[in-house]
Amino acid sequence: FLFVGSKWCIRTSFSGRADRVSTPLNAQGMMWSTSPAYTEIETRVLDWLAELIQLPHAFRSPGDGGAEGGGVIQGTASEASLVSIIAARERARAAGAPIHRLAAYVSQQAHSSLTKDARIAGVEPAHLRLVPTDGALAMRPDALLELIRADLAAGLTPFYACATVGTTSSGSIDPLRAIGEALAALPARPWLHVDAAYAGAACVCPELRHIIDGVEHADSFNFNPHKWLLTAFDCSALWVKRKADLLDALSIMPEYLRNEASASGAVIDYRDWQIPLGRRFRALKLWWTIRHYGAEGLREHIRRHVRLAEFAERRLLADPRFVAAAPRSLSLLTFRLAGDGPDADRRTRTLMERVNASGEAFFSHTMLPDPATGEARYVIRMAIGGTWTTEEDVRRACDALLARAD
């Protein structure tokens with residue numbers, strides 16, 4: 001990520017102030033009865049956010065037009081995907097499938113947390129399938145179906161698939177509609193989770209919502225306001241179509257937690273929507289962020305960063321010494337020095353290390369397949385997302401790269 005100068009270290013986000021207010025309150029939001037206001041605010045704010053990114057009504061709480069859905073704030077996208085895979089596992093078990101015969105599917109470019117989540121959920125490591133990607137590094141629906149059919153023939157039960165909207169390495173976007181339609185055609189449709197941890201924030205802009213076209217096919221959807229929507233860490237929004245799936249998988253009611261409100265079934269107990277029992281008052285900072293910036297303020301924040309990434313793309317790729325490693329995705333640009341083989345990779349790595357050591361900017365790296373050869377190449381990532389990042393900051397970062405490219 002790009003952190004220029006000392007701004008990232010010394011300036012506090014607006015929503016960070018909400019944390020400073022909610023922490024002394026020490027609210028315990030595990031159940032409605034322990035903090036009704038906590039629960040009601042979280043439900044309302046998640047519906048606001050779902051409306052802002054135009055999620056289908058099925059994902060919203062019953063009070064906002066949804067049938068069985070609703071949202072919950074998790075700590076990270078890793079927790080959200082773990083919750084979804086456990087819910088999918090329990091749904092499959094209820095249908096008679098043993099855990100050791102379950103198979104899950106993620107893109108080759110999916111975040112490593114999905115592998116960890118599958119391991120925690122008890123999925124056999126050999127039954128986690130990494131689906132091949134296309135030239136844009138997006139999951140191939142035909143390859144997904146091929147793997148599923150092979151597993152069905154081998155007596156396995158495909159129970160879970162995760163589509164990524166904005167992969168960590170390159171920002172690639174899996175085709176949700178094609179994946180959803182492919183899964184819907186199967187005799188028993190696997191759970192479809194959408195991990196939009198980084199890119200989901202872009203959906204506040206109407207012109208960028210095409211990245212989640214087909215999301216109505218999903219069973220769960222997640223993105224992190226703490227990544228790109230001006231909200232302090234930790235705040236990861238997860239929505240489900242059927243809250244009953246979460247309750248069936250995660251609800252346990254010992255005597256010491258019994259109360260009249262929970263027994264009535266008329267309230268939400270968020271302890272049953274997550275892994276831990278206790279939870280902090282994270283909804284307040286999301287409430288403050290939305291109320292402070294408003295829809296247009298949030299949209300301008302996203303649009304400005306996309307424009308800055310376009311500026312960086314033009315500036316760097318106009319120089320023949322640089323080539324794009326993958327198509328630019330929103331505010332994420334991946335590139336390397338031109339050339340083939342290990343020597344070009346070594347030069348790209350040396351360039352990044354020298355710029356980082358200079359203190360003028362800080363970049364991260366990844367490995368991406370070469371579009372022509374499929375060979376893994378060392379590439380630099382410029383992810384523009386800082387609240388106070390300006391065009392001058394990006395210009396200086398580009399200049400630092402250009403000055404050291406030889």
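Reader: What makes the pair formed by the side chain of H301 and the backbone oxygen of W228 a polar contact?

Author: In this predicted model, a polar atom of the H301 side chain lies 3.3 Å from the backbone oxygen of W228. The cut-off for such a pair is within 3.5 Å, so the pair counts as a polar contact.

Reader: Thanks! How do you know whether H301 is buried or exposed?

Author: H301, which sits in helix α11 (residues 283-317), has a relative accessible area of 6%. Buried means under 20%, so H301 is buried. Leaving aside neighbours within four places in sequence, H301 is in contact with W228, L230, G385 and T387.

Reader: Why is α12 called oblique to α13?

Author: Helix α12 (residues 341-358) and helix α13 (residues 391-404) pack at an angle of about 130°, with their axes 10 Å apart. That angle makes α12 oblique to α13, because roughly perpendicular ends at 115 degrees and roughly antiparallel needs over 145. On the α12 side, L351, R354, V355 and S358 make the contact, and on the α13 side A400, L401 and R404 do. The crossing of these two helices is right-handed.

Reader: And how do you know what span to expect for helix α6?

Author: Helix α6 (residues 141-153) has 13 residues, and at 1.5 Å a residue the expected span is 18 Å. From first C-alpha to last, α6 reaches 18 Å, close to that expectation.

Reader: Which residues of α6 are buried, and what do they pack against?

Author: The buried ones are A143, L144, L145, I148 and D151. They pack against β2 (102-107), β3 (128-131), β4 (157-164) and α7 (176-184). Just after α6, G155 takes a positive phi of about 90°.

Note on methods
Residues numbered from 1 in each chain as written. Predicted model: local features only at pLDDT ≥ 70, side-chain atom pairs only at ≥ 80, totals over all residues. Heavy atoms only, no water. Helix = DSSP H or I, 4+ residues; strand = E, 2+ residues; numbered from the N terminus. Expected span 1.5 Å × (residues − 1). Buried < 20%, exposed > 50% of the residue type's maximum accessible area, 1.4 Å probe, protein only. Contact = heavy atoms within 4.5 Å. Polar contact = N/O pair within 3.5 Å; in protein donor to acceptor, adjacent residues only side chain to side chain. Axes fitted to C-alpha atoms, helices over the stretch in contact; angles between N-to-C directions. Parallel < 35°, antiparallel > 145°, perpendicular 65-115°, else oblique. Left-handed = near helix turned anticlockwise from the far one by under 90°.
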